[in-house]
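Please look over the sequence and the model below before reading the report that accompanies them.

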Amino acid sequence: METQVFAAFQEYLNAYLDLVEQAEPVSDPVQLQAIEAAQLRYLRYRAEKDPARGMFTRFYGPDWTEEYIHGFLFDLERQLVRR
């Protein structure tokens, strides 16, 4: 069973690496803006739905939790502001 799982992993990894090799950079400003917007929507969703949010809030309080989630785990928005 382990060899089958490892073989499947290798096949998946090789397929992924093939896709990476074939990928072409995105240079269209409109498409880049759409990608950035989609990534930000995803990160905002993940930040709100983070499964550790409740635990962190109980242990460290809401201020620390929000700073940790938005300042470390999902900090893309802050990084974009600094550009």
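## Basis of the model

This is a predicted model, in which local features need pLDDT of at least 70 and side-chain atom pairs count only at pLDDT 80 or more, while totals for chains, interfaces and linings use all residues. Residues are numbered from 1 along each chain as its sequence is written, and side-chain values use heavy atoms, with hydrogens and water left out.

## Aromatic rings

A search of the whole structure finds eight aromatic pairs, where rings of Phe, Tyr and Trp (its six-membered ring) pair if their centres lie within 6.5 Å, and where planes under 30 degrees apart count as stacked, over 60 as edge-to-face and the rest as tilted. The ring centres of Phe56 and Tyr60 are 6.3 Å apart and their planes stand at 45°, so this pair is tilted. Phe56 also forms an aromatic pair with Trp64, and this one is edge-to-face, with 5.6 Å from centre to centre and 75° between the planes.

Phe56 and Tyr60 are four residues apart in helix H3 (residues 53-60), and are therefore separated by about one helical turn; helices (H or I, at least four residues) and strands (E, at least two) are DSSP runs, numbered from the N terminus. Phe56 counts as buried because its relative accessibility is 14%, whereas Trp64, at 37%, counts as partly exposed; buried means under 20% relative accessible area, exposed over 50%, and partly exposed in between (1.4 Å probe, protein chains only). Phe56, Tyr60 and Trp64 belong to one aromatic cluster, which also includes Phe59, Tyr68 and Phe72.

## Helices H3 and H4

The axes of H3 and helix H4 (residues 62-73) come within 7 Å and cross at roughly 135°, the axes being lines fitted to C-alpha atoms, for helices over the stretch in contact, with angles that run from 0 to 180 degrees between N-to-C directions. H3 and H4 are therefore oblique to each other, since angles under 35 degrees count as roughly parallel, over 145 as roughly antiparallel, 65 to 115 as roughly perpendicular and the rest as oblique.

On the H3 side, the contact is made by Arg53, Phe56, Thr57 and Tyr60, and on the H4 side the residues include Pro62, Trp64, Tyr68 and Ile69, where contact means heavy atoms within 4.5 Å.

Leu40 has its place in helix H2 (residues 29-48) and, at 12% relative accessibility, counts as buried. Leaving aside its neighbours within four places in sequence, Leu40 is in contact with Leu76, Glu77 and Leu80, while the C-alpha atoms of Leu40 and Asn14, 26 residues apart along the chain, are separated by 29 Å.

Pro29 is also placed in helix H2, but counts as exposed at 58% relative accessibility, and its C-alpha atom is separated by 39 Å from that of Gly54, 25 residues apart along the chain. Met55 lies in helix H3 and counts as partly exposed at 35% relative accessibility; Met55 and Leu13, 42 residues apart in sequence, are 34 Å apart in space, C-alpha to C-alpha.
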